[in-house]
Amino acid sequence: MPTPSAATSNDADFIARSSYLVIDDFQGMRSMLTGVLKACGANPRAIDTAANGPEAIQLLTKKRFDIVLCDFNLGHGQNGMQILEEAKFKNLIGPGCCWIMVTAEKTVDTVMGTAEAQPDAYLLKPVTEAVLTSRIAKIRAKKETFTDIDRAVATRDYLKAIRLCEERAATDKVNAIELLRIKCDLLIQTGQSDKARQTYEKILTSRDVPWAQLGLAKVHMQAEQYDAACNLLEKLIDDNRNYLDAYDCLAETYQKLGEHDRASDTLERAIQLSPNSHTRQRVIGELALRTGKLERAEKAFRKTLKLSEHSARKSPEAFLGLARTVGSLANPKEALNILEQMNKVFDGEDVRIKGKAVEGHVYHQNGQAKEAQAAAEQLSAMLDRGNTRHDSEAAREMAALLLVTGHQDKGLALLQSEIMNNPDDEHNLNAIKQVFHKAGLAEQGEAVVETSRQEATRLMNAGILQARAGNHLDAIGKMREAVTKMPRNVRLLLNAAHIMLNYMEQAGVEASLIREVRNNLLTANQLASNESRFVDLMARLEKLTTRTFT
């Protein structure tokens, strides 16, 4: 560890060579903060200023800053939290950037909302030279410990990130607990839940640590032990009423148990603490719509749109949810207006396809059969033109419209693709059966589910059988054909990676095959982070890559 005098010298050198961005809507405050930075030792020529969100984002796009001082309340438009959110979303700040939120706001709403955006520090005005210098020094010390780990996570090199956590924790006693927390999160993310569970339980035998309780609850959820997760999370919230992540996790657990009212009540409690989370408001809207509480759904979706107006993370889902809701309230004209607004805000064929499906359902719900038929025909043409991948819920919604408007072949194709990509997801399979049931095709639906699952198995086994016979290149070819038809089938992606690794371990490494294996593994991990095979296959890939290219 450096001596205090050496640390001070290093901090002064860091401040002197850093670049700065000051964001505040008042010229006088920008000048004051600039003056404080100069007094701390900052180079005046390395200080840029911005009066609002667009100016700040423009500067962040052009230049990488080491330190950002950002006011929370910037008047009309984006607030400081939303600028930080956009900077992270667009990757405009690296892991080494120190983002300090500066504000005169002391309300619980502001403090809690800002904390959720995770700035590096939160300072109340007026900011003094001593306070700012001290805070920058603390942030810098922490950044030096975590920058390489953050960079490994950003590039999805999770095994390297875990190794770095272990190496740093062995020597850095100051940050050992935080390094352990990050390591456990990564263990869960890479399907090593048993190792994470052991660590959490060891920590909790000596004392109640909130992040370890939350982590253990997530392990229970991955193992589908939802009652155990609920018990742990309920106690965690009772003891830590401001722990917002615990509310979100508990609400998700209640949803898994089918207790949608309790999930909604939990999120309502969370927004009492932090009312400016548009994501939480949207989930409340979705839960209310699912349970037929249309007035509550409408209120939540409208609040979502208001809160997310200036957010980089606003999504079309709030528009779609509100359109579904007002359509169900027999107001098709407004529903269509909402969809039109959505198409002005968001680009992309995937958004237009989802909107067209909702449009068709709005017409169908309100007895406008001719218009529903026209929307279904337009949706069918859009699906033929594009190569857009759809999430399961969107695919089911599209298929439902196509089935009730007589486009059975196209609707069946969508549902068959969903089944083959997720043959082991019982929740999705049951939801698909409900689509068939509502279309008056329950018996046919049962048969389609079974035959589609069998076809998925046949396609996967074709490559495995070739591999067992020693025909590795033919096996790889079969696997590629299967992945083309089932690009979101996690088991298939892992099996394909396994066969390709076996081939390279015997025949030698091919750069293109290395890339293909990595893509398959990362896609599988993104779709299902609880697959234990992921880490073993990634370790084999890393070993091959290291042996060949170093």
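What span should the 14 residues of helix 17 (residues 332–345) have at 1.5 Å a residue, and how far apart are its end C-alpha atoms? The expected span, 1.5 Å times one less than the number of residues, is 20 Å, and the end C-alpha atoms are 20 Å apart, which agrees. This is a predicted model, in which local features need pLDDT of at least 70, side-chain atom pairs count only at pLDDT 80 or more, and totals for chains, interfaces and linings use all residues. Residues are numbered from 1 along each chain as its sequence is written, and side-chain values use heavy atoms, leaving out hydrogens and water.

**Helix 17**
- Helices are DSSP runs (H or I, at least four residues), numbered from the N terminus.
- Pro-332, Ala-335, Ile-338, Leu-339 and Met-342 are the buried residues of helix 17 (under 20% relative accessible area, 1.4 Å probe, protein chains only).
- Seen down the helix axis, these buried residues fall within an arc of 115° (taken from the directions from the axis to the C-beta atoms), so they line one face of helix 17.
- Lys-333 and Lys-344, on the other side of helix 17, are exposed (over 50%).

**Aromatic pairs**
- The structure holds two aromatic pairs (ring centres within 6.5 Å; edge-to-face means planes over 60 degrees apart).
- Tyr-200 and Trp-211 are edge-to-face, at 6.3 Å centre to centre and 70° between the planes; both are buried.
- Phe-319 and Phe-346 are also edge-to-face, at 5.9 Å and 80°.
- Phe-319 lies in helix 16 and Phe-346 in the loop between helix 17 and helix 18, so this pair ties together parts 27 residues apart in sequence.

Methods. Helix = DSSP H or I, 4+ residues; strand = E, 2+ residues; numbered from the N terminus. Phe/Tyr/Trp six-rings, centres within 6.5 Å; stacked < 30°, edge-to-face > 60°.
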